[in-house]
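Below are some short notes on the model, set down point by point. Please read them alongside the coordinates.

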Amino acid sequence: MVSHINTSQPQVTSTSGSSLDRVSSQPIGGVQRVEPKRERDQQAEERQQPFGKGNRRGQLAETSARHQQVAHAESAAQALKEAVNMLEQLRQLGRRTLQAREGEKQQLQQSLGHMKNRLAKLSKEAQYDGEPLLFHDLSPRLRGDSQQTGFTVKGLRLNGWRNQDEVLRFQFDSGQPSSVRARVSWEDAPRDVAESLNKALASRDIQVGLDKYGELSFSVDKSRWSEVKGGIWVSGSGQILPAGNPIKAKVETTDKASPDIEALDFNKPESVRKALGEIERVLQSVRQSLQALDDKQKQLDADLAQTAFTKPVTSTMVTDSGALSATWFNLPEGITLQLVSNAVPTLLAQANATRHNVVALLE
């Protein structure tokens, strides 16, 4: 839709004010035309015109990125719905196990083990465009969304007696670098020790600080939790860490609300009851994540609609006879942003197109 068109024929006048005839431009052979300042001014003017080539590419890139965000969120929501289905099956099988006879329990426990492995595999392998969709605790893993898991390392004696400098060594079963070392002075205060460890372990994306009790606290990005949760090999000189050969220190998460799917145990009635309580808690958390993803998708759709329909785009085309300017894509009178936002998914459905198709076309 073109909202307005302005045409103009500029008049050429002399310094005395009298009109002059327009002189058509003719090429002059043998003379190279060099006008760097004018070219810079022209480039600056083109950058200000939203319908220039560079701006069109920028708008397409922005639109493509937002559609990718929506597609990523939709894929994460689909993975979470599959997780809900598996969790509900686990809950049903666990309840049946508590009431089953001895002859049936073995078969039910095998089914529980199979379903638990499927759920753990989903949390590790669900992907969109090569990017993981879920964390180990079944929380959605969205682009640009960084989440930390806090943990403690058993065996550290930070507040003990120290009378010499100590080299602390940390070795990991997976990930790079495989080993990290830090030197601390015998007179370092706990905060100084934490700062030294924080610098040394930064290469592993591990952050170190002090908790409210003055003890060392660790945190790592959720995406790298699997590299540390099995334990860390440590050694020192017997002050902060044990001397001699490295020993494997136990790692415990400080986020008690973060479930460990692989740790669910269905072998005994007591462990089954505990696992059922954990499943209920995870179900509640996953459903909250689904609601948050739905809200996020609506916001992204609204942002897309606002980008497409509310930004006036002006194109200027210069001809030999003058200039023609037009403004496009103004929001029609009586059409609200909410209506446009709601129309985006509807139009996709009517066109039999998915968000993934749109992303592929924009690329």
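1. Q297 belongs to helix α5, which covers residues 269–309. The model is a predicted one. Q297 has a relative accessibility of 16%, and because the cut-off for buried is under 20%, Q297 counts as buried.

2. Apart from neighbours within four places in sequence, the contacts of Q297 are A73, E74 and A77.

3. For the protein as a whole, the model has seven helices and 13 strands. There are 363 residues, of which 35% count as buried. Taking contacts between residues at least 6 apart in sequence, 62% join residues at least 24 apart.

4. Four strands form an open sheet in the order β6-β5-β9-β10, and the pairing is antiparallel. The edges are β6 (179–184) and β10 (247–249); each has a single partner strand, so one side of each is left without a neighbour in the sheet. From one strand to the next, the twist averages 30°.

5. Within this sheet, β5 (residues 166–171) pairs with β6 in the antiparallel sense, over six bridges. One of the residues involved is Q171, whose bridge partner in β6 is S179.

6. Which helix lies across β5 and β6? Helix α4, residues 190–200, does so, and runs at about 150° to β6. The edge strand β6 thus has β5 as its antiparallel pairing partner, while helix α4 lies across both strands.

Key
Residues are numbered from 1 along each chain as its sequence is written. This is a predicted model: local features need pLDDT of at least 70, side-chain atom pairs count only at pLDDT 80 or more; totals for chains, interfaces and linings use all residues. Side-chain values use heavy atoms; hydrogens and water are left out. Helices (H or I, at least four residues) and strands (E, at least two) are DSSP runs, numbered from the N terminus. Buried means under 20% relative accessible area, exposed over 50%, partly exposed in between (1.4 Å probe, protein chains only). Contact means heavy atoms within 4.5 Å. Two strands pair if DSSP finds at least two bridges between them. Axes are lines fitted to C-alpha atoms, for helices over the stretch in contact, and angles run from 0 to 180 degrees between N-to-C directions.
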